[in-house]
Amino acid sequence: MSIRDIPLSPTPKDNLPPMTDRAEETVGHRKMLAIALPVMLSNLSVPLLGLVDTAAVGQLPDAYHIGAVAIGALIFDFIFWGFGFLRMGTSGFAAQAEGRGDDQELRDTLGRALVIAAAGSLLLLLFQPLIAAGSFYLIDGSKNVEQHARTYFDIRIWSAPAALANYAFYGFLIGIGRARAVLVFVLLLNGTNIILDAFFVLVLGMGADGVALGTLIAEYTGATAAAILILKELKNRTGVWIWSGIIEAGAFRRMMNVNTDILIRSLCLTFAFAWFTWQSAAAGDLVLAANAVLINLFIVASYLLDGFSFAAETHVGQAVGSGSRARFWQAVRMSGLWAGGISVCATLIAFALGPYIIDLLTVNPEVRIIARQYLWWAALTPVAGFACFLLDGIFVGATQTRDMRNMMLITLPLYLLAWWLLVPAFGNDGRWASIIALLLLRALTLGARLPALARQAFD
């Protein structure tokens, strides 16, 4: 008898509804919104953080302060979003375990994600000099932008252990459908970050270093809160922490395969947006600052739409875990209906309030003029992007990540081709048109694979 054969008390069968009951659950408006609304509320704090950071340094007279924070944040977007597979992979496996009623696998899934997070953060800290050297070699910014961005990097890199653990915690809570716990966790993390960033910059007079220090402290605060929330959740479930279960070869290999697929997809996607910022920097500090202001409109909309993407992850994953094809298609239709409606609203709001948001984010008159000129592109991104965000959630919930990887590998060269054709001819209009093309191409390629996903998940 192995340690995994030891019976748990109480046994899972005593506390879980029959599998048929789980399979027959329907996904209506109420269940979709029960997850989507708390996630949307919590997600609003993420772009709000970016808005506060940009607005805080935007009160300083020189445009390079905005550029420095944009470049510093870009580097960590590339680094940390590369580990975004920890959130997405964890949520998919956790949702399927929840659909099967397998509490032991839930613990093992979280344990595997935290092992990967610990290993990844150790590598980032060990190789930080090489990461910094490579990043700033590739970025073509002014001397002032690079100097302050380097300071940002040197501080924020030490948040890596907490940042990667937070991905695992977030994915776990989404997978089991604990959206209210996600709301508490994210609001605490980003609320702390907002308060500290505003204090360090506006009160103490710091610049990019103050923004980085606030983020560092907030990441560890959030990790502590998430660990407490999850331990409280697991206390009410069966199962125990078993090291042999966490590192069991077959299960660990499956998680690594899924995570590798998501990693490749995420690196390609992050590169696409990094390319946008890098090339904006090459166009000068004013264009860089204007695009950094406008990209916040897209980020706000994307985080709102992610509420329904995350809801799709949860309901699709639980449908696959319970073996219910009907529940799967209900989740797809319901999340698509809501995401499409929200995207239209976000676009209309961006057109109406965009000029006021620009004025809020920067006091530089030249940056304001340039941002207004290209506002309409940023306003179109929610409608152009809602389908690809939603499809991401569907594929993650079903853990059919090979298609996500392959479709992104097809999309990225097409995006760069669009860039090569459009930017020389149309300048900054071409940059934004390429972003729209990226969003539409992702939706078309993933959508073409959706029928095959359903067959693979249930046949």
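Which residues have the most contacts inside the largest nonpolar core? They are Y170, F172, L294, Y415 and W432, in a core of 72 residues. A nonpolar core here is a set of buried Ala, Val, Leu, Ile, Met, Phe, Trp, Tyr and Cys residues joined through side-chain atoms within 4.5 Å. Buried means under 20% relative accessible area, with exposed over 50% and partly exposed in between (1.4 Å probe, protein chains only). Helix α13 (residues 285-322) supplies the largest share of this core, 13 residues. Helices are DSSP runs (H or I, at least four residues), numbered from the N terminus.

Before going on, bear in mind that this is a predicted model: local features need pLDDT of at least 70 and side-chain atom pairs count only at pLDDT 80 or more, while totals for chains, interfaces and linings use all residues. Residues are numbered from 1 along each chain as its sequence is written, and side-chain values use heavy atoms, leaving out hydrogens and water.

Now zoom in on W432. Setting aside neighbours within four places in sequence, W432 is in contact (heavy atoms within 4.5 Å) with F276, N291, L294, I295, Y374, W377, A378 and T381.

On to the rings. The structure holds 17 aromatic pairs. Rings of Phe, Tyr and Trp (its six-membered ring) pair if their centres lie within 6.5 Å; planes under 30 degrees apart count as stacked, over 60 as edge-to-face and the rest as tilted. Take F76 and Y152: their planes sit at 55° with the centres 6.1 Å apart, so this pair is tilted. F76 belongs to helix α3 (residues 64-81) and Y152 to helix α7 (residues 143-156), so the pair links distant parts of the chain, 76 residues apart. F76 is buried at a relative accessible area of 1%, and Y152 is buried too, at 2%.

F276 and W419 make an edge-to-face pair, 6.5 Å centre to centre with 85° between the planes. Because F276 lies in helix α12 (residues 249-282) and W419 in helix α17 (residues 401-426), the pair ties together parts 143 residues apart in sequence. Both F276 and W419 are buried. Ring pairs also join F276 and W419 into a cluster with F271, W275, W278, Y415 and W432.

Terms used
Helix = DSSP H or I, 4+ residues; strand = E, 2+ residues; numbered from the N terminus.
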